[in-house]
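Please take a friendly walk with me through one protein model.

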Amino acid sequence: METKPGFLLATIRKIDPKQPADGAFRIGNTPLWARPEGVYTITFGYLLLHFLLRMAFGEVLGIDDAEQALFAQQFEWSYRYRAPPLFTWILLALQNFMDPGILPISLIRYALLALIYLFTYWTARLLIEDQRLSALATYGLATVYVYGVYSHHDLTHTTMLAVGLAIAWYAAIRINRSPSWQWYALLGLASAIGLLGKWNFVIFLMSLLVVAIANPDLRRNVVFKPQFLVAAGILLIFTVPTVYSTIYWSGQSDDSVASAIGAQDGFSIANLAGALAKALGIFLVYPLPFALLAIACFWTSLDRYFLTPVSAASRAASSDITLMFRVMIVASVIFLAIVLAFGAEAVTERMLQPALYPITILFFALIAERKPGDQQIKYMASWVAVVVAISFIARITTFAVEPFKCDTCRTHIPVADLAEELKQAGFDGHGTIVVEDHHLGGNLRVQFPEARIADLEQSFRFWSEPSMTDGNCVFVQKLKDGRTIKPGTWADFESFLTDTLSGKPKEFYKEQITDLRLRGLSDRTMRYAYRVYENGNGECR
């Protein structure tokens, strides 16, 4: 007996008119995991389990998360040269309702990942008739390292970038089919999200524009339309203030886009060869293990794809796929050109997202033209489930064994014990804490949400004015094992206090070294040094 669609499915159909009518989701032998309600449930459950797992790991923040906790002390149009501020703005807004820490950051992270999976699925449904293949295109993201592993324990700006890409691709396909105002507006909004998420979103924008202008039909029907100005206007309204601020505050010399990609000074064949090898390597690494699973499970369909001609009807209906393929190629070429131009050797697979994000969608859209067998699809679904299960086990195992073998031990630092020791030394949680490491600074902000944290690595303009006249001033730094306080130990801190905060560095009342055990271990410690100035010192209060 057919059933009426629920509110969610009815809403989806308003967004995606291609969806079938009542009961059509259950026609034939479509398995539950491939139906829309199954995709939404499985995706939500997958992200919820990862969210709960992260909460169970405790309050210590990773590198990217700690940076965001540190930045989210007040609103700025730009916080650093190499990365735009959208994630920080959202965190600032959320902190109106909860203290800084792993909870608000994780809520943002998994909300963003949910948007990525949702729009990936909607785009796949536009391109792929077979519901099983469109579901696999969505689940396949969990078998791409950046999404299946990396995004769960780190990545903030990169995840925001991916949200922009996912929404932009959905809007671009819609525009290619029907260039109406709302899809241009959505593309403009998605572009603003992507660009304010990470600057390399511009690679996608350039590629999409190049492909559209190069094609006479797209140039006439998509670019040279008044609706195009809507997308451009929305993008400019949301991004110009941040772009201006970023250019105006050019940042420190080591905080630049060039430093982020490891640009080499001068030209040499060796630099060029090294950069090219690195770039080609990450092109191979990015789609793993998805690419291996896809090739293994659909080998015969790939063989047919290259040997069997496509029907005229399929070819006529494939303009969306052609658009996606061409944009991916152009974006890849632009990325390689940037790498070679700068001799960049610090490029990583996550930097390829503007080019390769839709790889799972494109693969299954191409395979769908050759009608793969049921057994192939079942094999792929089974292996995706296996890889996802392995990723869960690996995440738990990595966290459990890390303290025994880690060097910096970033997820196990004894920050709660350090905070307790600072309290016993006289710091009451109000005042200024100066650090030289944003990871330590961000984690101390979780422990002292009312304190002002200043990081020597960053410009002091990011931090608010002191809110008290008699707050404490504290210096904190991590020492290497066995190190003691020497004449130069506090040199950078003292210069900062003198030059920036108009303080007197010698007027402290307590200086201490402490060895604190890593979380859960009795035989491994970290050594910290701290200095406390009572009732403040200059503007350090």
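The buried residues of helix 20 are Ile 359, Thr 360, Ile 361, Leu 362, Phe 363, Phe 364, Ala 365, Ile 367 and Ala 368. That is nine of the ten residues in this helix, which spans residues 359–368 and is mostly covered. Here, buried means under 20% relative accessible area, exposed means over 50%, and partly exposed is in between (1.4 Å probe, protein chains only). Helices (H or I, at least four residues) and strands (E, at least two) are DSSP runs, numbered from the N terminus.

This is a predicted model, in which local features need pLDDT of at least 70 and side-chain atom pairs count only at pLDDT 80 or more, while totals for chains, interfaces and linings use all residues. Residues are numbered from 1 along each chain as its sequence is written, and side-chain values use heavy atoms, with hydrogens and water left out.

**Charged pairs**

Side chains of opposite charge can pair when their charged atoms come close. A salt bridge is a side-chain nitrogen of Lys or Arg within 4 Å of a carboxyl oxygen of Asp or Glu, and the count comes to eleven salt bridges. Here are some of them:

| Pair | N to O distance |
|---|---|
| Arg 80 and Glu 67 | 2.3 Å |
| Glu 494 and Arg 531 | 3.0 Å |
| Glu 539 and Arg 541 | 3.2 Å |

Where do Glu 494 and Arg 531 lie? Glu 494 is in helix 24 (residues 491–499) and Arg 531 is in strand 5 (residues 525–533), so their pairing ties together parts that are 37 residues apart in sequence. Glu 494 is buried because its relative accessible area is 13%, and Arg 531 is buried because its value is 4%.

Arg 80 sits in the loop between helix 3 and helix 4 (86–94), and Glu 67 sits in helix 3, 13 residues apart. Arg 80 is buried at 16% relative accessibility, and Glu 67 is buried at 6%.

On a 1 Å grid over the protein atoms alone, a cavity is a set of points where a 1.4 Å probe fits but cannot get out, and a pocket is an open set with protein on both sides within 12 Å along at least five of seven lines; lining residues have an atom within 4 Å of a point. The largest cavity has a volume of about 30 Å³.

The second largest pocket holds about 550 Å³ of space. Its lining has 25 residues, and His 153, Thr 398, Phe 399, Glu 402 and Thr 411 lie nearest its centre. Which helix gives the largest share of this lining? Helix 21 does, with six residues.

Leu 272 has its place in helix 14 (residues 269–285) and counts as partly exposed, at 28% relative accessibility. Its C-alpha atom is separated by 6.0 Å from that of Leu 340, 68 residues apart along the chain. Leu 292 lies in helix 15 (residues 290–297) and counts as exposed because its relative accessibility is 56%.

How values were computed
Grid points are joined across faces, edges and corners, and a volume is the space filled by probe spheres set on the points.
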